[in-house]
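Hi everyone, thanks for coming along.

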Amino acid sequence: KKREEGEQTEHSEELTELPAPEEPVSKAQVVVEKIEMLSDADRIIRKGRSGNIVIARIKELKEQNLDELKHAISKIRTSAAVWNGDIAGVGDEWIIVTPSTAKIKRGETA
């Protein structure tokens, strides 16, 4: 009997399931912002670089100072290019800024 028990121990393997380590899942958030002055561009850049999709309303700045709006958008566009993000205008009142993990599809109709 001792011999049989020893053989069983050799052939039977006891499997223990280990819990899979939980990896923190970083999900992109969609953030809605306003660009009312040139300094707001820095906030948009920070949020886009950190992995958020930013939808920014530009209507107020467009009505107040078109040159400042152009400068703000140029600043955002340059920064987005550095981190491989994307930027696109949506109508006359909004822009979308995406991180490198998301791209904007253009010119395709449903």
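Let me start with Gly 85, which touches Ala 80, Thr 98, Pro 99, Ser 100 and Lys 103, leaving aside residues up to four places away in sequence; contact here means heavy atoms within 4.5 Å. A quick word on the source: this is a predicted model, where local features need pLDDT of at least 70, side-chain atom pairs count only at pLDDT 80 or more, and totals for chains, interfaces and linings use all residues. Residues are numbered from 1 along each chain as its sequence is written, and side-chain values use heavy atoms, with hydrogens and water left out.

Back to Gly 85, then: this residue sits in the loop between H4 and S3. Helices (H or I, at least four residues) and strands (E, at least two) are DSSP runs, numbered from the N terminus. Is Gly 85 buried or exposed? Gly 85 is buried, at 16% relative accessible area; buried means under 20%, exposed over 50% and partly exposed in between, with a 1.4 Å probe and protein chains only.

Now the sheet. This is an open one of four strands in the order S1-S2-S4-S3, with mixed pairing, and two strands pair if DSSP finds at least two bridges between them. S1 (30–34) and S3 (86–90) are at the edges with a single partner strand each, so one side of each has no neighbour in the sheet.

How many does the structure hold? There are eight. One of them joins Glu 33 and Arg 43 at 2.8 Å, N to O. Glu 33 is in strand S1 and Arg 43 in helix H2, so this pair ties together parts 10 residues apart in sequence. Glu 33 also forms a salt bridge with Lys 47, with the closest N and O atoms 2.4 Å apart. Glu 33 itself is buried, at 12%, while Arg 43 is partly exposed at 24% and Lys 47 partly exposed at 25%.

How values were computed
Salt bridge = Lys/Arg side-chain N within 4 Å of Asp/Glu carboxyl O.
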